[in-house]
Amino acid sequence: MASAFSQAALFEAEAEKASARRHRLLSLPALIIIGIFGVLPLLIIVIYSFLAAAPYGGVQWQFSTDAYLNFLFQRDIFDDTLQFTPDFLIIYLRSFVFAVVTTVICLLLGFPTAYFMATRPPAQRNWWVLLITIPFWSNLLVRTLAIMFIIRDEGLINNALMALGVIEKPITMLYTNFAIQLGLLYSFLPFMVLPLYSSLEKLDFRLVEAAYDLYATRRQVLWRVIIPLSLPGIIAGCLLVFIPALGAYVTPLILGGGIHLMIGDLIAQQFGSGRNWPLGCAQALILMAAVLVALYFYVRNTSGKMRHG
Amino acid sequence: MADPRSADIKDQPGFRSIAIICLCVLYAPILILMIFSLNTGSLVTRWEGIGLGWYGSALLNQEFHNAAKNTLIISVTATIISTIAATLAAIGMTRVKPWRGLSAAFMVINLPLMVPEIITAVATLSFFALIAGTLGLNFGIGNLILAHTVFCIPFAYMPIRARLEDMDLTLEAAAADLYATPWHAFRRITLPLLVPGILSGGALAFIVSFDDFTITQLVAGPGQTTLPLYIWNQIRRPMTPEINAISTILLLVSILFVSISFLIARRRAK
């Protein structure tokens, strides 16, 4: 009797295990799709970056480290020596500076905005979140185009200034570094505000009250209580701005006009007019390495925070 | 000096102005673009009068029709496939005993969000070039559908997973106590409760596919122009306010779907 009972329990446990296994299988379709069409292509560009370029685009199946050498050096056509050419490196550094400036300004504007949103009454809060969410999801190309219309030579700003007689000739703003910087700020500001908001929304204001009770000034409360408590949100927001800004493609394409390049255009060029796929793959992987470094610092920081409680 | 406690303790000086400035900065360019789409003149930035003429000429344009058709084929198919895959994955990965490889699976699902778009774009281009070259496989517009499905999955996945995590487990347990088979319990209890998450995720997947430019531009073959690519082609010609009209249509589609997704997701909170 007792053994029959335990056997039934055993069966049940087996059945449960089998059902748990079936349960897991449900995630297979998504994993297979991303595995084949998302992960495999990344492995392919790793291989491509070690091949030789075919003359009309594509690759030749021949091992070569030229792509990585070409990143920093150019082979002299006469004596076949390698010469240090920092052109690509400069574009990477420029992109890095653009991304850092974008992140800092977005944080300076985004933090007060997110804090203000988080301190509204709940009904108002929802509207604010929707208002920030709409540009977050709106077409980046169209939003960049909107900036272009405003800062063009015949754009709204120049037309208005000339009509007012402030200037006689239009100020050139389009296709400058300023245009790219403005476009990046405009594109990625919502990416900073939303993660900051979701972190500030959970802020325990009793701590703020306690700080005031202990005679802290407003400034002290901000720097010593609110900002440290919202640090995870600040880090997440900075990452969400920094990574896409570093790899931006649409913004420099439209507002830089092909004159002022960022990493994104540089990579795309190798697959278009440059006809050097291995070089493009190597450049993409160098960008990926930079992103992984940023993600590594993020993971290390956040897991460190959790350990401290 | 005023006592800080005399006002609301939550207030910080100047934050309200910055918030309002941010909102204006975010909306002014879009609104200006929309207003100029109603311009009757033929110059993009000189105002002549109000009218819907450019919408008419945009909608009658054959190239626009083709681009709209391609966009809809790609984004509707990619949305359906990715939403189904994301729903199944969310069920398989949430509220289960942690299985070996779960965190790796989670990373794979979220991978498209972490890799910069331009890298995904050139990687996908290389991949399709390789299988066309070695296996002779070319799925035509299917290439774009597959590429879009990959980056749509994590966007569809997030709201569905959030909904599953919030769900009341006792209802399913009650169904099981009343002798419902697991399939029945899923079909009659879990799935109906999951519908808002699925709709919200589906709406997000649709927007990201509908709006995609970078990956589409690099992967698209000849004749596979989508609406964002059509706009890009227009920018390089002498511009007319028709481009504002088409841009406005795209913005309105985004706004519609974001609002739908947002409102569905909000209902949960009540």
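**View 1. Burial and overall form of chain A.** Of the 309 residues of chain A, 40% count as buried, a residue being buried if 20 or more other C-beta atoms, placed from the backbone, lie within 10 Å of its own. This is a predicted model, in which local features need pLDDT of at least 70 and side-chain atom pairs count only at pLDDT 80 or more, while totals for chains, interfaces and linings use all residues. Residues are numbered from 1 along each chain as its sequence is written, and chains are lettered from A and ligands numbered from 1 in the order in which they are written. Chain A has a radius of gyration of 27 Å, whereas a compact globule of 309 residues would have one near 19 Å; the radius is taken over C-alpha atoms, and the globule rule is 2.2 Å times the number of residues to the power 0.38. The C-alpha trace of chain A spans about 90 × 65 × 35 Å along its principal axes.

**View 2. Helices of chain B.** Chain B holds 11 helices and zero strands; helices (H or I, at least four residues) and strands (E, at least two) are DSSP runs, numbered from the N terminus. In chain A there are 14 helices and four strands. Buried residues make up 41% of the 270 residues in chain B. The C-alpha atoms of chain B fill a box of roughly 75 × 70 × 35 Å, taken along the principal axes.

**View 3. Side of chain B that touches chain A.** Here 73 residues of chain B are in contact with 80 residues of chain A, contact meaning that the C-beta atoms of two residues, placed from the backbone, lie within 7 Å. Helix α1 (residues 15–36) of chain B gives the most to this side, with 12 residues. By class, the side has 56 nonpolar, 10 polar and seven charged residues. Ala, Val, Leu, Ile, Met, Phe, Trp, Tyr, Cys and Pro count as nonpolar, Asp, Glu, Lys and Arg as charged, and the others, Gly among them, as polar.

**View 4. The largest nonpolar core.** Of the 142 residues in this core, Val122(B) and Ile153(B) touch the most other members. A nonpolar core is a set of buried Ala, Val, Leu, Ile, Met, Phe, Trp, Tyr and Cys residues joined through C-beta atoms within 7 Å. Helix α8 (residues 177–200) of chain A supplies the largest share, 14 residues. The core lies between domain 1 (1–48) and domain 2 (87–307) of chain A, because both give residues to it; the domain bounds come from an automatic or database domain assignment.

**View 5. Surroundings of Val122(B).** Not counting residues up to four places away in sequence, Val122(B) touches Ile45(A), Ile267(A), Phe271(A), Gly280(A), Cys281(A), Ala284(A) and Leu218(B).

Terms used. Buried ≥ 20, exposed ≤ 12 C-beta atoms within 10 Å, placed from the backbone.
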